[in-house]
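Student: I would like to go through this model and ask what stands behind each description. Can we start with the terms?

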Amino acid sequence: MPSVSTQITWIVVGYAVLVALLALMTAVRKQERPGWLDQLAWMLEALLVVRALAGLGAFSGDGPPSTSTYVGYLIASVCVLPIAMKSIEGDRASWSAGVITVAAVAVGVIAVRLEMTA
Amino acid sequence: MSDATSTTPRSGPHQVLLAFYALFTLAAGARSLVQLTTQYDEAPVAYWLSLAAAVTYALGWYAIREASVGRTGFASVMLWIELGGVLTVGTLSLAVREWFPDASVWSDYGIGYGFVPAVLPIAGLIWLRRQQRSHAVG
């Protein structure tokens with residue numbers, strides 16, 4: 001059975017794909033960014049924080065093969081989405097949903113890389 | 001402040017470009033710094049080129065931000081430099097394999113990043129052309 005952090009990773013990846021697709025649909029349809037999309041994005045951030053906390057367990061024992069790479073991914077995984085949300089604060093236009101698409105795809109990729117370097 | 005600057009909408013496709021450039025500045029910068037400091041001897045050329053890519057993305061981010069408010073001069077230079085870098089490094093990585101025992105960000109035209117590094121400057125140049133047209137008309 002996969003470890004807890006691995007299971008959380010796949011939940012994060014699946015959820016990130018969902019958020020990215022919904023945000024992309026909003027952008028493509030040129031709709032104003034709905035409030036629920038922000039809520040989904042912040043839910044994704046909460047999952048990423050849980051994944052990062054679970055990822056701290058990798059430091060018990062021998063630790064990850066490349067500590068600096070692992071720590072870099074760990075920090076990036078929780079920082080990308082808040083920075084993206086801050087950059088579109090107060091802007092509800094459809095292109096702002098495109099920024100969420102990019103950020104959600106990025107954190108999904110980071111979560112996979114985090115798992116690979118653990 | 002010029003008229004062009006004051007009438008430029010805050011929202012637009014440049015926001016997505018800026019998000020990509022910020023991400024690639026972070027990704028290429030962190031990757032190159034880790035590699036240069038922990039495994040320099042393995043592939044110094046590739047690692048320095050990754051750092052150059054990170055600097056290019058940071059300048060590209062600034063250039064697009066400036067272009068979004070009507071100052072397109074720097075972006076029209078920077079995006080061509082970036083495209084030239086991706087094509088040059090991508091071609092060299094295929095033609096002179098021994099220079100790249102480890103990959104750089106632009107190796108094989110950015111295959112390690114889903115070819116986004118090759119698409120990004122082209123998308124930027126298309127947006128810039130439209131931006132220049134809209135300011136010429138407006």
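Tutor: Two residues are in contact if their C-beta atoms, placed from the backbone, lie within 7 Å. The model is a predicted one.

Student: How many residues of chain A are in contact with chain B?

Tutor: By that cut-off, 15 residues of chain A are in contact with 13 residues of chain B. Helices α3 and α4 of chain A each supply at least two residues of the side that touches chain B. α4(A) gives the most to this side, with seven residues.

Student: What makes up the side of chain A that touches chain B, by residue class?

Tutor: Its residues divide into nine nonpolar, five polar and one charged.

Student: Why is α4(A) called mostly covered?

Tutor: A residue is buried if 20 or more other C-beta atoms lie within 10 Å of its own. In α4(A), 17 of 24 residues are buried, so the helix is called mostly covered.

Student: How do you know what span to expect for α3 of chain A, residues 67-87?

Tutor: The expected span is 1.5 Å times one less than the number of residues. With 21 residues, 30 Å is therefore expected, and the helix reaches 30 Å from its first C-alpha to its last.

Student: Where does α3(A) bend?

Tutor: The bend, of about 30 degrees, is at Cys79(A), and Pro82(A) follows within four residues.

Student: What do the buried residues of α3(A) pack against?

Tutor: These residues, among them Tyr70(A), Leu74(A) and Val80(A), pack against α2 (35-55) and α4 (94-117) of chain A together with α2 (14-38) of chain B.

Notes. Residues are numbered from 1 along each chain as its sequence is written. Chains are lettered from A and ligands numbered from 1 in the order in which they are written. This is a predicted model: local features need pLDDT of at least 70, side-chain atom pairs count only at pLDDT 80 or more; totals for chains, interfaces and linings use all residues. The bend at a residue is the angle between axes fitted to the seven residues ending there and the seven starting there. A residue is buried if 20 or more other C-beta atoms lie within 10 Å of its own, exposed if 12 or fewer, and partly exposed in between; C-beta atoms are placed from the backbone. Ala, Val, Leu, Ile, Met, Phe, Trp, Tyr, Cys and Pro count as nonpolar, Asp, Glu, Lys and Arg as charged, and the others, Gly among them, as polar.
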